[in-house]
Amino acid sequence: MAVLQMRKINICAMKKNRKKILEFLQRRGCLEIQTTDNEDAVFEKMNTATQISIFERNAALADNALEILDKHCPENKSMFAGLEGKKQIDENEYQKSIDNQQDIMNLVNRILQSQKIFEEKEAAVLRCSEEIESLKPWLTLDVPMNYQGTKKTGFLIGSISGTYTQEELTARIEQIEDMPESVYVQVIDADKYQSYVTVVFLKGEQEQVEKALRELSFNRPPIITSHIPSVSAKKREDAIVSIQKEIEDIKQEFKKCADRREEIQKIVDYYTIRADKYRVVGSILQSKHTFFVTGYIPQKEINDLQSKLESKYTIVMDVEEPDEKEDVPVLLSNSKTTGAVEGVVTSFGYPTKHEIDPTAITAFFYYFFFGIMLSDAAYGLLMFLGCLWALKRFPNMSEGMQKSLRMFKNCGISTLIWGVLFGGYFGDALTVIAKTFFGVNITVPALWFAPIEKPMQMLIYCMIFGIVHLFVGLGIKGYMMLRQKDVMSFVCDVVFWYVFLIGLILMLVPTSIFGSLAGMTVVFPAWANLLAKVMALGGMIGILLMAGRRAKNPLKRLMLGAYSLYDTTSWLSDLLSYSRLLALGLATGVIAQVINTMAAMGGKSVVGVIMFILVFVIGHVFNMAINLLGAYVHTNRLQYVEFFGKFFEGGSREFKPFKENTKYVNVKEN
């Protein structure tokens, strides 16, 4: 349980070794390099925008090529592909790809060009298909669509609104006043929206004919061909066949390129690393012969880094304590068991320089409360085994995923323990199975007690667990005050609250309200009752007088103290929040019992056994999933709102070292 101590280091080295030193620092990944603005006549920054742009562009092109290959030739990935993590390769294999980068980029460009041609071909197929669809109504036309007529007659084709037979259209034409009598309109085809017609007329009457046809909403076809429609349609069908063959050839080319997918992945990571390195090159100060690097590093890394650099290069390294005003990054260091909960803590915030790392304490309560909320031994065992299998099966998964699985593995152990204490094994599955299929009564007794049978007793325990949780949070606040040597704040803001709250609790325990909830009567001796009242009153007076101690005005001081006492309601609401331990624990057990009862409704028969298996498996998978999610959400809430609210603010930033941020592969040192 620690926030690693950070130191600020300054490294000055020969410019001729800049490339190797920066690559070494990037490979080690232990130094967060700071951008400095102290340029002068000697030290200045190098403009690396062009190099960064080139590397980022190459990385983007290669990534785009991978997306194209994934679209046309997707990898056969297992359902657990997300757990596999990055592929581990050695330096020799990685260097081979770097040496062949030009060949790989030629491959990338070929893939991108092929994709462009592929899209053009697909667009051509779509265009031909649409044109064929447009030609379908005209397939019976035996003259070219651009036919203009004879010397004396004109010819038009087009569509009119509505569905007409030849007789209906002739009658409709006769009703149009301005339509010349010499016009002949023939219906070629019709659908439920419009009719497709040809119009023959005397050439001198074309303008009059077109004006008259507007009354029928006459429109020319969207496509006009120089061949008869059937021939034009056939040409386009042949073109589609030819284009589709070309598309298949391109797909085959993609399949060949897919065999080199891993090479492209390595080159994406290579250019990404190079771009990151040149960002640093552009942020550090350099002279004609030297360069200067400054940044933050965990203290435990300094000696090893210094010895390795000095053994290979001529450097000057200066280590100093960061200034109080500096925005120093934070790096947490915890064991595997407690560190699994780091994600929960850092999601809330990183501890400031005046705060402690609460990860270890949070981990204890996190596992404790999660187990109570899920509280079924079978579910806990499945969680533990599933997470353990995944951790062993996929050792290369990302660090974040490893921590999450370790956290749920530990939560599974806690759930298993609480399930044994409460007697939950898929609810009451053993009892139901024994009674339904074997006609015997078998019960597995709870090692402690069954919350379903004694919910009020469980509620009392939940409140006790909540009080302990809240008091620990208040205690951590007091510890941080003492560490800063603020004894006055410790007494006024912590000790007085402990005295006041413990006094109230001791006053509550002997009352009938507590007795009705606990199912038992507690009788304190007179001196204990008096002590409780004295503590409550003394703590209240202390808070009233000292909570507003920074105010000089006595009246304002009392008002601030009274307002601080109002926080008692906040303590009460926080305490009541722990009733969710009971609620979620009961939900898991009750739903499990309902599932078992439904599964056994088929009775002792072949159909009943099949029904039992189906309902049992589906029901318990659902129950485990929904209650696991509920336990996760509400356990987080108890940490964030109730626990952290007592002492933890966060606000620092994460330590982000200069390292090899790869997407596809991890390079192992030989």
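Lys-266 is buried in this predicted model, because its relative accessibility of 7% falls under the 20% cut-off. Its salt-bridge partner is Glu-93, and the closest N and O atoms of the two are 2.9 Å apart. Glu-93 belongs to helix 4 (residues 91–99) and Lys-266 to helix 9 (residues 261–281), so the bridge ties together parts that are 173 residues apart in sequence. Glu-93, at 30% relative accessibility, is partly exposed.

In the bridge between Lys-646 and Asp-574, the closest N and O atoms are 2.6 Å apart. Here too distant parts of the chain are linked, with Asp-574 in helix 22 (residues 567–576) and Lys-646 in the loop between helix 24 (606–643) and strand 12 (665–668), 72 residues apart. Lys-646 is buried, at 12% relative accessible area, and Asp-574 is buried at 8%. By contrast, Lys-136 and Glu-133, whose closest N and O atoms are 3.3 Å apart, are partly exposed at 45% and 49% respectively. Arg-28, Glu-301, Asp-304 and Lys-308 are joined in a network of salt bridges.

Helix packing can be followed in helix 17 (residues 455–483) and helix 18 (residues 487–508), whose axes lie 8 Å apart at an angle of about 160°. Because this angle is over 145 degrees, the two helices are roughly antiparallel. Helix 17 passes helix 18 in a left-handed crossing. Among the residues that meet are Phe-471 and Leu-474 of helix 17 and Phe-490 and Trp-497 of helix 18. By class, the contact comprises 13 nonpolar, three polar and two charged residues.

Note on methods
Residues numbered from 1 in each chain as written. Predicted model: local features only at pLDDT ≥ 70, side-chain atom pairs only at ≥ 80, totals over all residues. Heavy atoms only, no water. Axes fitted to C-alpha atoms, helices over the stretch in contact; angles between N-to-C directions. Helix = DSSP H or I, 4+ residues; strand = E, 2+ residues; numbered from the N terminus. Parallel < 35°, antiparallel > 145°, perpendicular 65-115°, else oblique. Left-handed = near helix turned anticlockwise from the far one by under 90°. Contact = heavy atoms within 4.5 Å. Nonpolar A, V, L, I, M, F, W, Y, C, P; charged D, E, K, R; others polar. Salt bridge = Lys/Arg side-chain N within 4 Å of Asp/Glu carboxyl O. Buried < 20%, exposed > 50% of the residue type's maximum accessible area, 1.4 Å probe, protein only.
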